[in-house]
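Subject: Structure handover

Hello,

Here is the structure we talked about. Please open it first, then read my notes below.

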Amino acid sequence: AARPRRGSLCTAFEELGHDPLWQPPRARPRARWRRACCVSAAVGLGLLGCGVTYAFVPQWLIQKRIGSAAVDVTACLLEIGPHADAQIRPTARFAVARDVLALPLVSYQATVHGFSARVYFYVGAEAGGSASGHRMFLGTFVSNDTVSIDSKEDLDAELSGEMSLPDPTALARLVSRFIKQPNITLEFSAEVDIKSHAWGWLPVPLYGITVRKALVLPAFDNFEPKEVALEQIVQTHGAPRRLNVTATVGVYNPTPVTIVMADNFSLQVYYPVHGVDYHLGIVRVPAPLRLEPGLNSPVGMVTVEQTEQNAVALQDFIATYIGPQEGICPAGVDTPSVKVRMAEGYSQSALVREALDGFSVNASFRPRPLYFLRAITADVVALSKVSLEPWDLTVHLRVTNPLPQRVHVTNVVCTAYHLNISGPVLYVYQRDEKSLDPAHYVLEASESATLDFKLDVFNDEVKWAVLMKELLPLVKEVFGEKQIRLGIRLDLTVRIDDDYVQTFTYKNTELDGQLCFSRFEPTRPCGGLEPPAGAGG
(Lines give C-alpha, C1' and ligand atoms only; values in the text may rest on other atoms or scores of the structure.)
Protein backbone atom coordinates (compact mmCIF):
# COMPACT_ATOMS: atom_id res chain seq x y z
CA ALA A 1 0.00 0.00 0.00
CA ALA A 2 1.13 3.45 -0.67
CA ARG A 3 2.47 5.23 2.42
CA PRO A 4 1.25 8.76 3.02
CA ARG A 5 3.62 11.44 2.23
CA ARG A 6 5.83 12.57 5.05
CA GLY A 7 4.73 15.90 6.32
CA SER A 8 1.13 15.47 5.52
CA LEU A 9 -1.52 16.27 8.15
CA CYS A 10 -2.55 12.60 8.51
CA THR A 11 1.00 11.54 9.12
CA ALA A 12 1.37 14.15 11.82
CA PHE A 13 -1.77 13.05 13.70
CA GLU A 14 -0.73 9.39 13.42
CA GLU A 15 2.65 10.06 14.90
CA LEU A 16 1.15 12.07 17.73
CA GLY A 17 -1.43 9.38 18.40
CA HIS A 18 1.28 6.79 18.98
CA ASP A 19 3.43 9.05 21.17
CA PRO A 20 2.97 7.89 24.79
CA LEU A 21 4.00 11.28 26.17
CA TRP A 22 1.65 13.22 24.07
CA GLN A 23 -1.54 14.48 25.62
CA PRO A 24 -4.04 16.94 24.51
CA PRO A 25 -3.19 20.46 25.59
CA ARG A 26 -6.10 20.63 28.14
CA ALA A 27 -4.89 17.51 30.09
CA ARG A 28 -1.44 18.84 31.07
CA PRO A 29 -2.55 21.06 34.09
CA ARG A 30 -4.42 18.12 35.66
CA ALA A 31 -1.29 15.96 35.68
CA ARG A 32 0.69 18.69 37.35
CA TRP A 33 -2.01 19.05 40.01
CA ARG A 34 -1.99 15.30 40.71
CA ARG A 35 1.77 15.29 41.03
CA ALA A 36 1.64 18.23 43.42
CA CYS A 37 -0.99 16.46 45.53
CA CYS A 38 1.15 13.32 45.74
CA VAL A 39 4.20 15.30 46.77
CA SER A 40 2.20 17.28 49.33
CA ALA A 41 0.70 14.09 50.77
CA ALA A 42 4.12 12.51 51.05
CA VAL A 43 5.51 15.60 52.76
CA GLY A 44 2.50 15.76 55.09
CA LEU A 45 2.78 12.11 56.05
CA GLY A 46 6.48 12.60 56.62
CA LEU A 47 5.85 15.60 58.83
CA LEU A 48 3.09 13.73 60.67
CA GLY A 49 5.42 10.80 61.23
CA CYS A 50 8.10 13.16 62.49
CA GLY A 51 5.56 14.83 64.75
CA VAL A 52 4.31 11.53 66.16
CA THR A 53 7.89 10.37 66.59
CA TYR A 54 8.83 13.66 68.27
CA ALA A 55 5.76 13.51 70.52
CA PHE A 56 5.86 9.90 71.64
CA VAL A 57 9.26 8.34 71.04
CA PRO A 58 11.22 10.71 73.34
CA GLN A 59 8.63 10.24 76.08
CA TRP A 60 8.74 6.46 75.64
CA LEU A 61 12.54 6.46 75.72
CA ILE A 62 12.70 8.80 78.72
CA GLN A 63 10.05 6.88 80.68
CA LYS A 64 11.84 3.60 79.96
CA ARG A 65 15.10 5.02 81.27
CA ILE A 66 13.42 6.62 84.28
CA GLY A 67 12.01 3.19 85.09
CA SER A 68 15.54 1.76 85.08
CA ALA A 69 16.94 4.55 87.21
CA ALA A 70 17.97 3.96 90.82
CA VAL A 71 16.34 6.56 93.04
CA ASP A 72 17.17 6.72 96.76
CA VAL A 73 15.85 9.28 99.19
CA THR A 74 19.05 10.22 101.01
CA ALA A 75 17.46 12.78 103.30
CA CYS A 76 13.97 14.04 103.96
CA LEU A 77 12.63 16.39 106.61
CA LEU A 78 8.98 16.02 107.57
CA GLU A 79 8.02 18.81 109.94
CA ILE A 80 4.54 19.25 111.31
CA GLY A 81 4.11 22.69 112.81
CA PRO A 82 1.80 24.05 115.49
CA HIS A 83 -0.09 26.30 113.07
CA ALA A 84 -1.89 23.57 111.10
CA ASP A 85 0.62 23.53 108.30
CA ALA A 86 3.16 21.02 107.12
CA GLN A 87 6.17 21.00 104.89
CA ILE A 88 8.24 18.09 103.62
CA ARG A 89 11.73 18.92 102.44
CA PRO A 90 13.19 15.83 100.75
CA THR A 91 16.56 15.30 99.11
CA ALA A 92 16.77 12.42 96.66
CA ARG A 93 19.73 10.79 94.95
CA PHE A 94 19.06 10.05 91.27
CA ALA A 95 21.48 7.60 89.59
CA VAL A 96 21.37 6.23 86.03
CA ALA A 97 24.15 4.25 84.32
CA ARG A 98 25.40 5.57 80.97
CA ASP A 99 24.49 2.36 79.13
CA VAL A 100 20.90 3.06 80.17
CA LEU A 101 21.14 6.67 78.98
CA ALA A 102 22.66 5.75 75.60
CA LEU A 103 20.59 5.93 72.38
CA PRO A 104 21.42 4.10 69.13
CA LEU A 105 23.61 6.23 66.80
CA VAL A 106 22.92 9.36 68.83
CA SER A 107 24.95 11.15 71.48
CA TYR A 108 23.35 14.01 73.33
CA GLN A 109 23.51 16.46 76.21
CA ALA A 110 20.36 17.55 78.04
CA THR A 111 19.40 19.94 80.82
CA VAL A 112 16.35 19.98 83.06
CA HIS A 113 15.73 23.32 84.79
CA GLY A 114 13.46 22.58 87.77
CA PHE A 115 10.11 20.84 87.79
CA SER A 116 7.06 20.08 89.90
CA ALA A 117 5.67 16.64 90.59
CA ARG A 118 2.47 15.29 92.06
CA VAL A 119 3.12 12.70 94.77
CA TYR A 120 0.77 9.83 95.59
CA PHE A 121 0.79 6.96 98.05
CA TYR A 122 -1.25 3.79 98.20
CA VAL A 123 -3.80 2.75 100.81
CA GLY A 124 -5.49 -0.60 101.00
CA ALA A 125 -3.62 -3.71 99.91
CA GLU A 126 0.14 -3.35 99.95
CA ALA A 127 2.68 -6.13 100.37
CA GLY A 128 6.42 -5.97 100.04
CA GLY A 129 6.33 -2.41 98.80
CA SER A 130 4.36 -3.19 95.64
CA ALA A 131 1.93 -0.51 94.62
CA SER A 132 -1.63 -1.74 94.82
CA GLY A 133 -4.90 -0.66 96.32
CA HIS A 134 -6.30 2.84 96.17
CA ARG A 135 -3.96 5.67 95.13
CA MET A 136 -4.24 8.78 97.29
CA PHE A 137 -2.85 12.24 96.51
CA LEU A 138 -0.34 13.47 99.09
CA GLY A 139 1.05 16.76 97.82
CA THR A 140 3.09 18.60 95.21
CA PHE A 141 6.87 18.49 95.17
CA VAL A 142 8.67 21.50 93.68
CA SER A 143 12.40 21.52 92.90
CA ASN A 144 14.42 24.36 91.41
CA ASP A 145 17.56 22.28 90.96
CA THR A 146 19.16 21.88 87.54
CA VAL A 147 20.07 18.43 86.28
CA SER A 148 22.64 18.06 83.49
CA ILE A 149 22.73 14.83 81.48
CA ASP A 150 25.44 13.55 79.15
CA SER A 151 24.80 10.27 77.34
CA LYS A 152 28.52 9.45 77.53
CA GLU A 153 28.66 9.63 81.35
CA ASP A 154 26.86 8.10 84.31
CA LEU A 155 24.26 10.32 85.93
CA ASP A 156 24.53 10.79 89.69
CA ALA A 157 22.65 13.82 90.95
CA GLU A 158 20.82 15.02 94.05
CA LEU A 159 17.50 16.78 93.89
CA SER A 160 16.10 18.81 96.75
CA GLY A 161 12.95 20.81 97.12
CA GLU A 162 9.80 21.30 99.14
CA MET A 163 6.50 19.47 99.10
CA SER A 164 3.31 21.04 100.34
CA LEU A 165 0.62 18.89 101.95
CA PRO A 166 -2.79 20.40 101.30
CA ASP A 167 -4.89 17.58 102.79
CA PRO A 168 -4.34 16.74 106.49
CA THR A 169 -6.43 13.58 106.08
CA ALA A 170 -3.96 12.22 103.56
CA LEU A 171 -1.08 13.07 105.90
CA ALA A 172 -2.81 11.25 108.77
CA ARG A 173 -3.24 8.10 106.70
CA LEU A 174 0.36 8.31 105.49
CA VAL A 175 1.71 8.69 109.05
CA SER A 176 -0.39 5.74 110.22
CA ARG A 177 0.91 3.50 107.42
CA PHE A 178 4.42 4.83 107.95
CA ILE A 179 4.34 3.54 111.53
CA LYS A 180 2.58 0.22 110.89
CA GLN A 181 3.96 -0.99 107.54
CA PRO A 182 7.45 -2.37 106.82
CA ASN A 183 7.60 -0.05 103.80
CA ILE A 184 5.45 2.36 101.84
CA THR A 185 5.24 3.07 98.12
CA LEU A 186 5.24 6.63 96.79
CA GLU A 187 4.55 7.48 93.17
CA PHE A 188 5.81 10.64 91.47
CA SER A 189 4.21 12.07 88.33
CA ALA A 190 5.79 15.14 86.74
CA GLU A 191 5.87 17.12 83.49
CA VAL A 192 9.36 18.33 82.64
CA ASP A 193 10.87 20.49 79.90
CA ILE A 194 14.16 19.17 78.53
CA LYS A 195 16.60 21.23 76.50
CA SER A 196 18.85 18.84 74.62
CA HIS A 197 21.38 18.83 71.76
CA ALA A 198 21.98 15.80 69.57
CA TRP A 199 25.60 15.23 68.51
CA GLY A 200 26.46 18.35 70.45
CA TRP A 201 25.02 20.83 67.96
CA LEU A 202 21.47 19.93 66.84
CA PRO A 203 18.94 21.49 69.25
CA VAL A 204 16.11 19.14 70.20
CA PRO A 205 13.82 20.83 72.74
CA LEU A 206 11.30 18.57 74.45
CA TYR A 207 8.38 20.18 76.25
CA GLY A 208 5.78 18.68 78.58
CA ILE A 209 7.39 15.26 78.86
CA THR A 210 5.48 13.19 81.44
CA VAL A 211 7.59 10.96 83.68
CA ARG A 212 6.41 8.59 86.39
CA LYS A 213 8.41 6.75 89.03
CA ALA A 214 7.38 4.50 91.94
CA LEU A 215 9.64 4.67 94.97
CA VAL A 216 9.65 2.23 97.91
CA LEU A 217 10.71 3.65 101.30
CA PRO A 218 11.42 1.63 104.46
CA ALA A 219 9.03 2.35 107.31
CA PHE A 220 8.86 1.68 111.07
CA ASP A 221 7.05 -1.70 110.89
CA ASN A 222 5.43 -1.21 114.33
CA PHE A 223 8.91 -0.72 115.85
CA GLU A 224 9.50 -4.48 115.59
CA PRO A 225 12.93 -4.53 113.86
CA LYS A 226 14.40 -2.56 116.79
CA GLU A 227 12.02 -2.26 119.68
CA VAL A 228 11.51 0.84 121.76
CA ALA A 229 13.72 0.48 124.84
CA LEU A 230 13.82 2.30 128.14
CA GLU A 231 17.20 4.02 128.49
CA GLN A 232 17.06 6.04 131.70
CA ILE A 233 14.47 7.04 134.25
CA VAL A 234 15.21 10.72 134.77
CA GLN A 235 12.66 11.60 137.45
CA THR A 236 9.66 10.20 139.28
CA HIS A 237 7.02 12.01 141.26
CA GLY A 238 4.24 10.36 143.22
CA ALA A 239 0.77 11.66 143.87
CA PRO A 240 -2.27 9.87 145.30
CA ARG A 241 -2.95 6.96 142.89
CA ARG A 242 -0.82 8.64 140.25
CA LEU A 243 2.86 8.32 139.35
CA ASN A 244 4.63 10.60 136.89
CA VAL A 245 7.76 9.11 135.33
CA THR A 246 10.06 11.18 133.11
CA ALA A 247 12.36 8.98 131.06
CA THR A 248 14.41 8.75 127.91
CA VAL A 249 13.68 5.94 125.50
CA GLY A 250 15.65 4.55 122.60
CA VAL A 251 13.69 4.85 119.36
CA TYR A 252 15.28 3.60 116.15
CA ASN A 253 14.28 5.31 112.91
CA PRO A 254 14.98 2.90 110.01
CA THR A 255 13.91 5.41 107.37
CA PRO A 256 15.74 8.25 105.62
CA VAL A 257 13.03 10.62 106.84
CA THR A 258 13.64 13.00 109.75
CA ILE A 259 10.34 13.51 111.52
CA VAL A 260 9.79 16.65 113.57
CA MET A 261 6.64 17.14 115.62
CA ALA A 262 6.69 20.84 116.50
CA ASP A 263 3.82 20.64 118.97
CA ASN A 264 3.15 18.65 122.13
CA PHE A 265 1.02 15.55 121.83
CA SER A 266 -0.18 12.71 124.02
CA LEU A 267 -1.24 9.10 123.58
CA GLN A 268 -3.32 6.81 125.75
CA VAL A 269 -1.49 3.65 126.86
CA TYR A 270 -3.22 0.28 127.11
CA TYR A 271 -1.88 -3.06 128.32
CA PRO A 272 -3.47 -6.40 127.38
CA VAL A 273 -4.12 -9.08 129.99
CA HIS A 274 -5.90 -12.26 128.90
CA GLY A 275 -7.23 -10.60 125.77
CA VAL A 276 -8.58 -7.48 127.53
CA ASP A 277 -7.00 -4.04 127.10
CA TYR A 278 -6.58 -2.16 130.39
CA HIS A 279 -5.91 1.56 130.45
CA LEU A 280 -2.62 2.19 132.29
CA GLY A 281 -2.13 5.90 131.75
CA ILE A 282 -0.99 8.60 129.36
CA VAL A 283 2.31 9.24 127.65
CA ARG A 284 3.08 12.89 126.92
CA VAL A 285 5.76 13.93 124.45
CA PRO A 286 6.99 17.54 124.63
CA ALA A 287 7.83 19.51 121.50
CA PRO A 288 9.88 19.39 119.50
CA LEU A 289 10.08 15.64 118.97
CA ARG A 290 12.81 15.02 116.42
CA LEU A 291 13.41 11.50 115.12
CA GLU A 292 16.41 11.44 112.82
CA PRO A 293 17.52 8.37 110.85
CA GLY A 294 19.17 5.93 113.25
CA LEU A 295 18.94 5.75 117.04
CA ASN A 296 17.24 8.57 118.93
CA SER A 297 16.74 9.24 122.64
CA PRO A 298 13.64 11.42 123.04
CA VAL A 299 12.27 12.40 126.44
CA GLY A 300 8.73 11.57 127.42
CA MET A 301 6.59 11.60 130.53
CA VAL A 302 4.31 8.72 131.45
CA THR A 303 1.52 9.22 133.95
CA VAL A 304 0.48 5.92 135.51
CA GLU A 305 -3.03 6.04 136.90
CA GLN A 306 -4.12 3.52 139.55
CA THR A 307 -7.74 2.46 139.40
CA GLU A 308 -9.71 -0.47 140.72
CA GLN A 309 -10.15 -1.64 137.14
CA ASN A 310 -6.46 -1.74 136.19
CA ALA A 311 -4.93 -3.02 139.45
CA VAL A 312 -4.44 -6.51 138.02
CA ALA A 313 -2.98 -5.11 134.81
CA LEU A 314 -0.48 -2.93 136.68
CA GLN A 315 0.71 -5.90 138.73
CA ASP A 316 1.06 -8.03 135.61
CA PHE A 317 2.88 -5.24 133.77
CA ILE A 318 5.46 -4.84 136.56
CA ALA A 319 5.93 -8.60 136.92
CA THR A 320 6.39 -8.95 133.15
CA TYR A 321 8.74 -5.98 133.01
CA ILE A 322 10.99 -7.30 135.78
CA GLY A 323 10.49 -10.83 134.54
CA PRO A 324 11.26 -14.14 136.21
CA GLN A 325 15.00 -14.47 136.67
CA GLU A 326 17.34 -17.38 137.13
CA GLY A 327 20.39 -16.52 139.18
CA ILE A 328 21.71 -13.15 140.31
CA CYS A 329 21.73 -11.06 137.14
CA PRO A 330 20.18 -7.84 135.84
CA ALA A 331 16.43 -8.00 135.39
CA GLY A 332 15.20 -7.31 131.87
CA VAL A 333 18.10 -8.98 129.98
CA ASP A 334 16.25 -12.15 128.99
CA THR A 335 12.80 -10.77 129.68
CA PRO A 336 10.41 -10.88 126.71
CA SER A 337 9.32 -7.51 125.42
CA VAL A 338 6.36 -5.85 127.07
CA LYS A 339 3.55 -5.24 124.60
CA VAL A 340 1.54 -2.05 124.95
CA ARG A 341 -0.93 -0.32 122.67
CA MET A 342 -0.79 3.43 122.13
CA ALA A 343 -3.81 5.14 120.63
CA GLU A 344 -6.23 8.08 120.86
CA GLY A 345 -3.66 10.79 120.32
CA TYR A 346 -4.35 14.41 121.13
CA SER A 347 -2.62 17.73 120.47
CA GLN A 348 -3.56 21.39 120.44
CA SER A 349 -2.29 21.54 116.86
CA ALA A 350 -5.10 20.88 114.40
CA LEU A 351 -2.73 19.19 111.96
CA VAL A 352 -1.19 16.95 114.62
CA ARG A 353 -4.69 15.96 115.72
CA GLU A 354 -5.51 15.07 112.11
CA ALA A 355 -2.28 13.09 111.81
CA LEU A 356 -3.07 11.17 115.02
CA ASP A 357 -6.73 10.64 114.22
CA GLY A 358 -7.39 6.92 114.18
CA PHE A 359 -3.77 6.26 115.11
CA SER A 360 -3.28 2.99 116.97
CA VAL A 361 -0.05 1.03 117.21
CA ASN A 362 0.97 -2.07 119.14
CA ALA A 363 4.49 -1.31 120.30
CA SER A 364 7.01 -3.67 121.87
CA PHE A 365 8.73 -2.09 124.83
CA ARG A 366 12.07 -3.61 125.81
CA PRO A 367 12.96 -3.19 129.50
CA ARG A 368 16.17 -1.53 130.62
CA PRO A 369 18.45 -4.05 132.37
CA LEU A 370 18.51 -3.30 136.08
CA TYR A 371 19.44 -5.03 139.31
CA PHE A 372 16.63 -5.54 141.79
CA LEU A 373 17.75 -8.39 144.07
CA ARG A 374 21.54 -8.63 144.40
CA ALA A 375 21.90 -11.22 147.14
CA ILE A 376 19.94 -13.24 149.68
CA THR A 377 21.51 -14.81 152.78
CA ALA A 378 20.41 -16.01 156.20
CA ASP A 379 22.04 -16.16 159.63
CA VAL A 380 21.07 -18.88 162.10
CA VAL A 381 22.35 -18.08 165.62
CA ALA A 382 22.34 -20.73 168.32
CA LEU A 383 22.67 -18.43 171.34
CA SER A 384 21.29 -15.02 170.51
CA LYS A 385 21.98 -12.12 172.83
CA VAL A 386 18.83 -10.28 171.76
CA SER A 387 16.38 -13.15 172.01
CA LEU A 388 15.39 -15.72 174.60
CA GLU A 389 14.68 -18.22 171.86
CA PRO A 390 17.20 -21.06 171.41
CA TRP A 391 17.37 -20.33 167.70
CA ASP A 392 17.45 -16.98 165.95
CA LEU A 393 17.04 -16.73 162.15
CA THR A 394 17.51 -13.47 160.23
CA VAL A 395 17.09 -13.14 156.45
CA HIS A 396 19.19 -10.52 154.65
CA LEU A 397 18.02 -9.10 151.32
CA ARG A 398 20.43 -6.96 149.32
CA VAL A 399 18.20 -4.93 147.01
CA THR A 400 18.58 -1.95 144.68
CA ASN A 401 16.12 0.89 144.25
CA PRO A 402 15.60 1.16 140.46
CA LEU A 403 14.05 4.63 140.73
CA PRO A 404 15.82 8.01 140.94
CA GLN A 405 13.59 8.81 143.89
CA ARG A 406 13.60 7.99 147.60
CA VAL A 407 11.16 5.19 148.48
CA HIS A 408 9.86 3.78 151.78
CA VAL A 409 9.30 0.04 152.12
CA THR A 410 5.82 -0.44 153.56
CA ASN A 411 5.17 -4.15 153.07
CA VAL A 412 7.21 -7.28 152.35
CA VAL A 413 6.04 -10.78 151.51
CA CYS A 414 8.90 -13.22 150.87
CA THR A 415 8.78 -16.96 150.23
CA ALA A 416 11.93 -19.05 149.80
CA TYR A 417 11.86 -22.54 148.29
CA HIS A 418 14.40 -25.34 148.68
CA LEU A 419 16.60 -25.91 145.58
CA ASN A 420 14.28 -24.03 143.17
CA ILE A 421 10.92 -22.35 143.00
CA SER A 422 9.20 -25.71 142.52
CA GLY A 423 10.68 -27.15 145.73
CA PRO A 424 9.30 -27.26 149.27
CA VAL A 425 9.08 -24.04 151.28
CA LEU A 426 12.11 -23.13 153.42
CA TYR A 427 10.58 -20.09 155.06
CA VAL A 428 7.86 -17.52 154.40
CA TYR A 429 7.26 -14.23 156.14
CA GLN A 430 5.22 -11.05 155.80
CA ARG A 431 5.89 -7.63 157.32
CA ASP A 432 3.52 -4.68 157.09
CA GLU A 433 4.07 -0.99 157.68
CA LYS A 434 3.33 -1.27 161.40
CA SER A 435 6.26 -3.61 161.97
CA LEU A 436 8.71 -1.86 159.64
CA ASP A 437 10.53 1.12 161.12
CA PRO A 438 10.22 3.93 158.51
CA ALA A 439 13.62 5.26 159.54
CA HIS A 440 15.31 1.97 158.67
CA TYR A 441 13.34 0.56 155.75
CA VAL A 442 14.03 3.31 153.27
CA LEU A 443 15.96 3.28 150.00
CA GLU A 444 17.50 6.44 148.63
CA ALA A 445 17.48 7.16 144.89
CA SER A 446 19.22 4.29 143.01
CA GLU A 447 20.67 3.05 146.30
CA SER A 448 21.67 -0.54 147.07
CA ALA A 449 21.00 -1.50 150.69
CA THR A 450 20.63 -4.52 152.94
CA LEU A 451 17.22 -5.12 154.50
CA ASP A 452 17.06 -7.46 157.49
CA PHE A 453 14.02 -9.47 158.50
CA LYS A 454 14.04 -11.50 161.70
CA LEU A 455 11.81 -14.55 161.43
CA ASP A 456 9.60 -15.99 164.12
CA VAL A 457 11.01 -19.49 164.50
CA PHE A 458 8.00 -20.73 166.52
CA ASN A 459 5.22 -19.25 164.39
CA ASP A 460 5.52 -21.47 161.32
CA GLU A 461 7.52 -18.88 159.37
CA VAL A 462 10.46 -21.30 159.27
CA LYS A 463 9.96 -24.79 157.87
CA TRP A 464 12.51 -26.56 160.07
CA ALA A 465 11.97 -29.98 158.57
CA VAL A 466 13.24 -28.66 155.23
CA LEU A 467 15.80 -26.18 156.58
CA MET A 468 17.51 -28.78 158.77
CA LYS A 469 18.53 -30.69 155.61
CA GLU A 470 20.82 -27.79 154.83
CA LEU A 471 21.59 -26.80 158.41
CA LEU A 472 22.47 -30.26 159.81
CA PRO A 473 25.91 -30.49 158.11
CA LEU A 474 26.80 -27.12 159.66
CA VAL A 475 25.61 -28.28 163.09
CA LYS A 476 27.83 -31.34 162.80
CA GLU A 477 30.74 -29.08 161.90
CA VAL A 478 29.87 -27.02 165.01
CA PHE A 479 29.71 -23.73 163.05
CA GLY A 480 30.22 -22.56 159.49
CA GLU A 481 28.53 -21.43 156.28
CA LYS A 482 27.47 -23.06 153.05
CA GLN A 483 26.00 -22.18 149.71
CA ILE A 484 22.48 -23.36 149.07
CA ARG A 485 20.18 -23.35 146.06
CA LEU A 486 16.75 -21.81 146.45
CA GLY A 487 13.91 -20.09 144.62
CA ILE A 488 12.38 -16.77 145.64
CA ARG A 489 9.02 -15.03 145.38
CA LEU A 490 9.09 -11.45 146.67
CA ASP A 491 6.36 -8.83 146.83
CA LEU A 492 7.84 -5.49 147.84
CA THR A 493 5.45 -2.60 148.41
CA VAL A 494 6.94 0.90 148.41
CA ARG A 495 5.65 4.42 148.87
CA ILE A 496 6.97 7.19 146.62
CA ASP A 497 6.82 10.81 147.81
CA ASP A 498 4.61 9.65 150.69
CA ASP A 499 1.68 9.56 148.27
CA TYR A 500 1.96 6.89 145.56
CA VAL A 501 2.01 3.26 146.72
CA GLN A 502 2.98 0.43 144.38
CA THR A 503 3.83 -3.26 144.80
CA PHE A 504 6.72 -4.75 142.83
CA THR A 505 6.50 -8.50 142.26
CA TYR A 506 9.79 -10.33 141.79
CA LYS A 507 10.42 -14.01 141.08
CA ASN A 508 13.70 -15.89 140.78
CA THR A 509 13.35 -19.52 139.76
CA GLU A 510 16.77 -20.67 141.02
CA LEU A 511 19.67 -18.78 142.57
CA ASP A 512 22.60 -19.24 144.92
CA GLY A 513 22.05 -18.16 148.51
CA GLN A 514 24.20 -18.31 151.60
CA LEU A 515 23.35 -19.99 154.89
CA CYS A 516 25.49 -19.26 157.98
CA PHE A 517 25.36 -21.00 161.36
CA SER A 518 26.94 -19.17 164.31
CA ARG A 519 27.11 -19.67 168.05
CA PHE A 520 26.85 -15.97 168.82
CA GLU A 521 25.49 -12.90 167.04
CA PRO A 522 27.72 -12.20 163.97
CA THR A 523 29.28 -8.78 163.44
CA ARG A 524 28.42 -8.75 159.72
CA PRO A 525 25.53 -10.31 157.83
CA CYS A 526 26.06 -13.72 156.27
CA GLY A 527 27.90 -13.65 152.96
CA GLY A 528 29.85 -10.51 153.85
CA LEU A 529 26.97 -8.18 152.95
CA GLU A 530 27.01 -4.56 153.98
CA PRO A 531 25.14 -4.21 157.28
CA PRO A 532 21.78 -2.45 157.13
CA ALA A 533 21.37 1.18 158.13
CA GLY A 534 19.47 0.13 161.27
CA ALA A 535 18.15 -2.85 163.16
CA GLY A 536 15.77 -5.29 161.50
CA GLY A 537 12.13 -5.73 162.35
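In the hairpin of β12 and β13, which residue takes a positive phi? It is His-274, with phi near 55°. The hairpin has two residues between its strands. Keep in mind that this is a predicted model.

**Around β12**

Strand β12 covers residues 265–273. Eight of its nine residues are buried, so the rest of the structure largely encloses the strand. β12 has two antiparallel pairings to look at. With β13 (residues 276–285), β12 pairs over nine bridges. With β17 (residues 338–346), β12 pairs over four bridges. Val-269 stands opposite Gly-281 in β13, and opposite Met-342 in β17.

**The core**

The largest nonpolar core has 124 residues. Leu-397, Val-412, Tyr-427, Tyr-429 and Leu-486 touch the most other members. Strand β3 (residues 108–123) gives the most to this core, with eight residues. Beyond its neighbours within four places in sequence, Leu-397 is in contact with several residues, including Leu-373, Ile-376, Tyr-429, Phe-453 and Leu-490. In soluble globular proteins, nonpolar side chains tend to be buried together.

**A surface patch**

Now turn to the surface. Trp-199, Trp-201 and Leu-202 form a nonpolar patch there. Together they have about 360 Å² of accessible area. Trp-199 is found in the loop between β7 (183–198) and β8 (202–218). Its relative accessibility is 45%, so Trp-199 counts as partly exposed.

Best wishes

Notes
Residues are numbered from 1 along each chain as its sequence is written. This is a predicted model: local features need pLDDT of at least 70, side-chain atom pairs count only at pLDDT 80 or more; totals for chains, interfaces and linings use all residues. Side-chain values use heavy atoms; hydrogens and water are left out. Patches are made of residues with over 30% relative accessible area and no salt bridge: like charges are joined within 9 Å, nonpolar side chains (Val, Leu, Ile, Met, Phe, Trp, Tyr) within 5 Å. Accessible areas come from the Shrake-Rupley method with a 1.4 Å probe; for residues, only the protein chains shown count as cover. A salt bridge is a side-chain nitrogen of Lys or Arg within 4 Å of a carboxyl oxygen of Asp or Glu. Buried means under 20% relative accessible area, exposed over 50%, partly exposed in between (1.4 Å probe, protein chains only). Two strands pair if DSSP finds at least two bridges between them. A nonpolar core is a set of buried Ala, Val, Leu, Ile, Met, Phe, Trp, Tyr and Cys residues joined through side-chain atoms within 4.5 Å. Contact means heavy atoms within 4.5 Å.
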